[in-house]
Amino acid sequence: FLTHALHYGTAVFEGIRAYRTPDGTAIFRLREHIERLRRSTRAYGIPWDYDVDAIMEACREVVRANGLEAGYIRPLVFYALGAIGLNPAAAEVRTGIAAWEWGAYLGDEGIRNGIRVRISTWRRISGQSFIPVAKGSGQYLNSVLAKQEAIATGYDEALMLNVDGNISEGSGENLFLARDGVLFTPPISAGILDGITRASVMDLLRAEGVEIRETNLTRGDLYAADELFLTGTAAEVTPIREVDDRPIGTGKPGPLTRQAQELYAEAVTGKLESRRD
Ligand code: PPE
């Protein structure tokens, strides 16, 4: 009960997916996730001396030990016992990894036909108070508030503006917007998490010749968009069909959203020869 992280959110975590591929189970971009975990520990000054390769191997072992062919992996580095009060220095740093089967994060219907989102009344945490590019557990109370409000008011997910009033991201996903065949996504400076799915989708689509611009977006840009979709390890590529009760584009997932979904699905399941790595 006196685990420091339980009282003050003093932990950092990752969310990673393993997929069934023609060669067996494979973990998507495991190294990038564990490197981000290490950056998160550094960002919050958590002493952590594991090397990336050892944690990668531990993740594989947890997937194997649970007999999972596909699933979600959750490493967590947390301050445990030894200190109470705001200085965690005397608390032991512990690392745990869990894995389980986890289907469509925003529902099967959502991933097929799109979800309904609202603009949150809560603003996304800023770099002046937290470290948005780190996955700090305590930061997620901000996402929880936005998510609870969205669900309580009849939506599937929340999008948050940042303190400057620009669009940042969803409670646990990055956002893309399509307009006239070009994709736009908020820059890291908008206070978003530097998503690994976001980077993967950008890479996959750019290789197909799609133009993608990282630029600040406003609420009005969303309403006027041809297409909107979310990306995340848990959410994968999820179309958005409505924002604040307004249908987006035709109200059905558009061509760039479908292309992103298909390419991502093929890449993570080892079916894209050019992305075997
Ligand atoms: N923004 C936030 C705030 C976020 O939590 C995530 C991941 C992303 C963007 C997308 O990042 P990436 O997974 O690297 O593409 N959210 C994780 C946690 C979800 C949860 O409910 O827990 C995830 O998708 O695993």
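Which helix or strand supplies the largest share of the lining of the largest pocket? The share in question, four residues, comes from H5.

## Basis of the model

This is a predicted model, in which local features need pLDDT of at least 70 and side-chain atom pairs count only at pLDDT 80 or more, while totals for chains, interfaces and linings use all residues. Residues are numbered from 1 along each chain as its sequence is written, and side-chain values use heavy atoms, with hydrogens and water left out.

## The largest pocket

The largest pocket has a volume of about 600 Å³. A pocket is an open set of points on a 1 Å grid over the protein atoms alone, where a 1.4 Å probe fits, with protein on both sides within 12 Å along at least five of seven lines; lining residues have an atom within 4 Å of a point. The volume is the space filled by probe spheres set on the points, which are joined across faces, edges and corners.

The lining comprises 31 residues, and Phe13, Tyr105, Lys135, Tyr140 and Gly172 lie nearest the centre. At least two lining residues come from each of strand E4 (71–79), helix H5 (140–152), strand E8 (167–170), helix H6 (196–207) and strand E12 (227–232). Helices (H or I, at least four residues) and strands (E, at least two) are DSSP runs, numbered from the N terminus.

## Aromatic pairs

The structure holds eight aromatic pairs. Rings of Phe, Tyr and Trp (its six-membered ring) pair if their centres lie within 6.5 Å; planes under 30 degrees apart count as stacked, over 60 as edge-to-face and the rest as tilted. The rings of Tyr72 and Trp100 form a tilted pair, because their planes stand at 50°, with the centres 5.3 Å apart. Tyr72 belongs to strand E4 and Trp100 to strand E5 (residues 93–100), 28 residues apart. Tyr72 is buried, at a relative accessible area of 5%, whereas Trp100 is partly exposed at 31%. Here buried means under 20% relative accessible area, exposed over 50%, and partly exposed in between (1.4 Å probe, protein chains only).

The pair of Phe176 and Phe229 is stacked, because the planes lie at 15°, with ring centres 5.1 Å apart. Phe176 lies in strand E9 (residues 174–179) and Phe229 in strand E12, so this pair ties together parts 53 residues apart in sequence. Phe176 is buried, with a relative accessible area of 0%, and Phe229 is buried, also with 0%.
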